[in-house]
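User: I'd like to learn how to read cavities and aromatic pairs in a protein model. Could you walk me through them?
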Amino acid sequence: MDQRVSKENYYLDIAATVAERSTCLRRKFGAIIVKNDSIISTGYNGAPRGRKNCSDLQFCMREHLNIPRGERYELCRSVHAEANAIIAAARDQMLGATLYMACLNPQDGSLYPGTCSCMMCKKQIINAGIEKIVVRDTPTDFRVVNVSEWIDDDDSLSGKFGY
C-alpha cells in the first residue's frame, strides 16, 4: 500500500512547482499561503509586472557585483516570492495562515536547502499576520518557523546580514 504524502509535503510540492515560474538567475523561490486547508495565494520571485525579468536580460546585478545571498536586495530586479504571495492575498485571509516555501537551483532544478526569508520579507510576513513558515530542505524534510520567534528574536538589531 502506498503511503500518502504528508500535508506539509503536499503544500511544499505545490510551492516547488510555483518556483518553476521564477525568472531569477540565482535562485527560484516559490511560496504559497494556506489557511484552513485552502490555498489563499501563490507567489514566485520575478521582476514587477511589465518590467523585463533577469531571465529575459540574462543579467543579474547582484551576481555581477558578487553580492552574497541575503544582502543588498535594493539592487535586485525581483519582487520576492513571499512578497508576491502577500500582495495577492487579503490580510484577513492571511491572519493565522501558514506560508510554505521552496527554493530551486536555476541551473538544474534541484532543491536549494537551508534557505529562509530575507529581513525585508520577514517584516512583511510579520505584518501580514502569517503564523508560521514551512521551508523545504529536501524532497521530504522541512523546517517549521513560528513567526512569533522573528518578533521575539529581532535579527534586524544584530548587525548580521544574509540568511
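User: Let's start with the cavities. How much space lies in the largest cavity?

Analyst: Keep in mind that this is a predicted model. The largest cavity holds about 240 Å³ of space, and the structure has 2 cavities of 30 Å³ or more.

User: Which residues lie nearest the centre of the largest cavity?

Analyst: Those are Phe29, Asn45, Arg62, Tyr73 and His80, out of a lining of 21 residues. By class, that lining splits into 11 nonpolar, 5 polar and 5 charged residues.

User: And what lines the second largest cavity?

Analyst: Here you'll find Cys54, Cys60, Met61, Arg62, Leu75, Cys76 and Arg77. This lining has 5 nonpolar and 2 charged residues, but no polar ones. About 30 Å³ of space lies inside the second largest cavity.

User: Now the rings. How is a pair of aromatic rings described?

Analyst: You give the distance of the centres and the angle of the planes. The whole structure has 2 aromatic pairs. Tyr10 and Tyr11 make a tilted one, with 5.0 Å centre to centre and 55° between the planes.

User: Is Tyr11 buried or exposed?

Analyst: Tyr11 is buried, because its relative accessibility is 3%, under the 20% cut-off. Tyr10 has 41%, so it counts as partly exposed.

User: Why is the pair of Tyr11 and Tyr100 called tilted?

Analyst: Its ring centres are 5.0 Å apart and the planes sit at 40°, so it counts as tilted. Tyr11 lies in helix α1 and Tyr100 in strand β3, so the pair ties together parts that are 89 residues apart in sequence. Tyr100 is buried too, like Tyr11. Tyr10, Tyr11 and Tyr100 form one aromatic cluster.

Conventions
Residues are numbered from 1 along each chain as its sequence is written. This is a predicted model: local features need pLDDT of at least 70, side-chain atom pairs count only at pLDDT 80 or more; totals for chains, interfaces and linings use all residues. Side-chain values use heavy atoms; hydrogens and water are left out. On a 1 Å grid over the protein atoms alone, a cavity is a set of points where a 1.4 Å probe fits but cannot get out, and a pocket is an open set with protein on both sides within 12 Å along at least five of seven lines; lining residues have an atom within 4 Å of a point. Grid points are joined across faces, edges and corners, and a volume is the space filled by probe spheres set on the points. Ala, Val, Leu, Ile, Met, Phe, Trp, Tyr, Cys and Pro count as nonpolar, Asp, Glu, Lys and Arg as charged, and the others, Gly among them, as polar. Rings of Phe, Tyr and Trp (its six-membered ring) pair if their centres lie within 6.5 Å; planes under 30 degrees apart count as stacked, over 60 as edge-to-face and the rest as tilted. Buried means under 20% relative accessible area, exposed over 50%, partly exposed in between (1.4 Å probe, protein chains only). Helices (H or I, at least four residues) and strands (E, at least two) are DSSP runs, numbered from the N terminus.
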